[in-house]
Amino acid sequence: MMSVSVDTQFVHKIWNETELSKMVEGGVPFPMIADAAGHLGAVYGVYDDEAGVDVRGRFIIDPDGIIQAMEVLTPPVGRKVEESIRQIKAFQHVRETEGAEVTPSGWEPGKKVLKPGPDLVGRVWEVWKPGDE
Amino acid sequence: MAEKAIGCARPTGSVVGEEPAQEASSQGQKKEEEVAVSKIMVGRKAPDFAAPAYHQGEFKQVKLSDFLGKWIVLCFYPGDFTFV
């Protein structure tokens with residue numbers, strides 16, 4: 001986990017000390033990155049040059065450095081951490097099975113997976129329906 | 001990675017390594033990352049970068065590619081001391 005904003009690392013330090021450490025015991029455990037010029041946000045497509053800030057973009061990057069997921073929100077609405085964790089677990093499952101098993105909507109670990117192949121075409125309804133998650 | 005002295009400038013992160021895929025017409029442009037023609041896409045390589053960071057009491061340089069082999073969640077947000 002890494003966080004990025006256009007604030008300097010010095011501001012990150014004071015924010016962690018004065019506020020975040022009062023919300024999270026021990027303070028923020030991950031690197032808080034400074035993107036003062038917006039270069040990182042720009043290359044990831046989340047820098048708003050009119051507002052001069054990085055908007056709320058979240059990227060899941062796999063061990064090979066490949067972006068597996070991205071989500072971008074306007075500033076007023078926060079993310080849901082559990083959903084990011086669910087997605088990471090799903091991507092990890094797919095990776096472990098080398099793509100032999102894929103995860104239907106709403107999947108959680110232990111729930112039904114699908115095995116793509118000619119036999120499944122047009123017959124997903126026989127093995128999975130909404131609510132099975 | 002060598003520690004940079006902590007100066008008074010406003011240090012910032014920069015993109016390193018190969019540029020993400022660009023439109024052919026932008027080949028002649030320099031500083032592509034500043035004109036925001038980013039072509040990131042799921043299933044494609046995450047642009048590498050090196051940037052200063054605060055991490056548990058210390059200032060350090062963080063390079064994305066140093067974390068190859070691990071799952072990474074990279075979260076951008078509008079600003080420290082804002083509300084959400």
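Author: Let us begin with one pair: D62(A) and R95(A) form a salt bridge, their closest N and O atoms being 3.6 Å apart.

Reader: Why is the pair of D62(A) and R95(A) called a salt bridge?

Author: A salt bridge requires a side-chain nitrogen of Lys or Arg within 4 Å of a carboxyl oxygen of Asp or Glu. The closest N and O atoms of D62(A) and R95(A) are 3.6 Å apart, so the pair meets the rule. Because D62(A) lies in the loop between β5 and β6 of chain A and R95(A) in helix α3 of chain A, the pair ties together parts that are 33 residues apart in sequence. Helices (H or I, at least four residues) and strands (E, at least two) are DSSP runs, numbered from the N terminus.

Reader: On what kind of model do these values rest?

Author: The model is predicted; local features need pLDDT of at least 70, side-chain atom pairs count only at pLDDT 80 or more, and totals for chains, interfaces and linings use all residues. Residues are numbered from 1 along each chain as its sequence is written, chains are lettered from A and ligands numbered from 1 in the order in which they are written, and side-chain values use heavy atoms, with hydrogens and water left out.

Reader: How many salt bridges does the rule find across the interface of chain A and chain B?

Author: The rule finds zero there, while the count over all chains is seven.

Reader: What makes up the contact between chain A and chain B?

Author: Chain A gives 65 residues and chain B gives 48 residues, contact meaning heavy atoms within 4.5 Å. The two chains bury about 5,300 Å² between them, 67% of it on carbon and sulfur atoms. Buried area is the accessible area (1.4 Å probe) that two parts lose on being put together, summed over both. M2(A), H39(A) and V43(A) supply 13% of the area that chain A buries against chain B, more than any other three residues.

Reader: What makes the pair of Y44(A) and F49(B) edge-to-face?

Author: Rings of Phe, Tyr and Trp (its six-membered ring) pair if their centres lie within 6.5 Å; planes under 30 degrees apart count as stacked, over 60 as edge-to-face and the rest as tilted. By this rule there are eight aromatic pairs over all chains. For Y44(A) and F49(B) the centres are 6.3 Å apart and the planes 80 degrees, therefore the pair counts as edge-to-face. This pair crosses between chains, from Y44(A) in the loop between α2 and β3 (47-48) of chain A to F49(B) in strand β2 (residues 49-55) of chain B.
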